[in-house]
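Hi everyone, thanks for coming.

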Amino acid sequence: SHRAIAIRLWLEGKEPVAIAKHIKHSIKAVENYLQKFQRVAFLKGRHFNDYEIALTVGISVYATKTFSELYEEYKNKAFFKQRLEEINIVGSQYYVAQDEKKSILPSKDSTNNGRRKP
């Protein structure tokens, strides 16, 4: 798939603009593939399984497996270690942002007029 080709090229050192030209996709599409892969790789590094990752990232199990296979294939290669820093930055920023969203949502207790359930 173009998604896997884009990820491979990125893991081999190409930048999103060059990847977009190579696979004839928009930069936005390539960045979307990369962001999802980075989130999957971040969670793989924290020992999530493919089903947990699919639910967390909001992608199909099939896409998760594709990204997981690429992660496993490249994780011990030299250039991957450089990309791993980017992966960890993107992954941790995403989950900090998600935690902040959760903290600003009203709690169930605040929506029931202050009454606590027994």
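**A walk through the helices**

Okay, helix 1 is followed by Gly-13, and the phi of Gly-13 is positive, near 110°. When I say helix, I mean a DSSP run of H or I with at least four residues, numbered from the N terminus. Some housekeeping: this is a predicted model, so local features need pLDDT of at least 70 and side-chain atom pairs count only at pLDDT 80 or more, while totals for chains, interfaces and linings use all residues. Residues are numbered from 1 along each chain as its sequence is written, and side-chain values use heavy atoms, with hydrogens and water left out.

Back to helix 1. Its buried residues are Ala-4, Ala-6, Ile-7, Leu-9, Trp-10 and Leu-11; buried means under 20% relative accessible area, exposed means over 50%, and partly exposed is in between, using a 1.4 Å probe and protein chains only.

Keep an eye on Ile-7. Which residues touch the most other members of the largest nonpolar core? Ile-7 and Phe-37 do, out of 27 residues in that core. A nonpolar core here is a set of buried Ala, Val, Leu, Ile, Met, Phe, Trp, Tyr and Cys residues joined through side-chain atoms within 4.5 Å. Helix 3 gives the largest share of this core, 8 residues. Leaving out residues up to four places away in sequence, Ile-7 touches Tyr-33, Leu-34, Phe-37, Phe-67 and Leu-70, where contact means heavy atoms within 4.5 Å.

Now for a helix pair. Helix 3 (residues 27-44) packs against helix 5 (residues 61-74) at about 70°, and their axes are 9 Å apart. The axes are lines fitted to C-alpha atoms over the stretch in contact, and angles run from 0 to 180 degrees between N-to-C directions. So helix 3 and helix 5 are roughly perpendicular, a label that covers 65 to 115 degrees. Across this contact, residues including Tyr-33, Phe-37 and Val-40 in helix 3 meet residues in helix 5, among them Phe-67, Leu-70 and Tyr-71.

Last stop, the loops. Most residues other than glycine have a negative phi. Lys-24, though not a glycine, has a positive phi near 55°, and it sits in the loop between helix 2 and helix 3. Lys-24 is exposed, at 73% relative accessible area. His-47 isn't a glycine either, and its phi is positive at about 65°. You'll find His-47 in the loop between helix 3 and helix 4, and it counts as exposed at 73% relative accessibility.

Note on methods
Helices (H or I, at least four residues) and strands (E, at least two) are DSSP runs, numbered from the N terminus. Angles under 35 degrees count as roughly parallel, over 145 as roughly antiparallel, 65 to 115 as roughly perpendicular and the rest as oblique.
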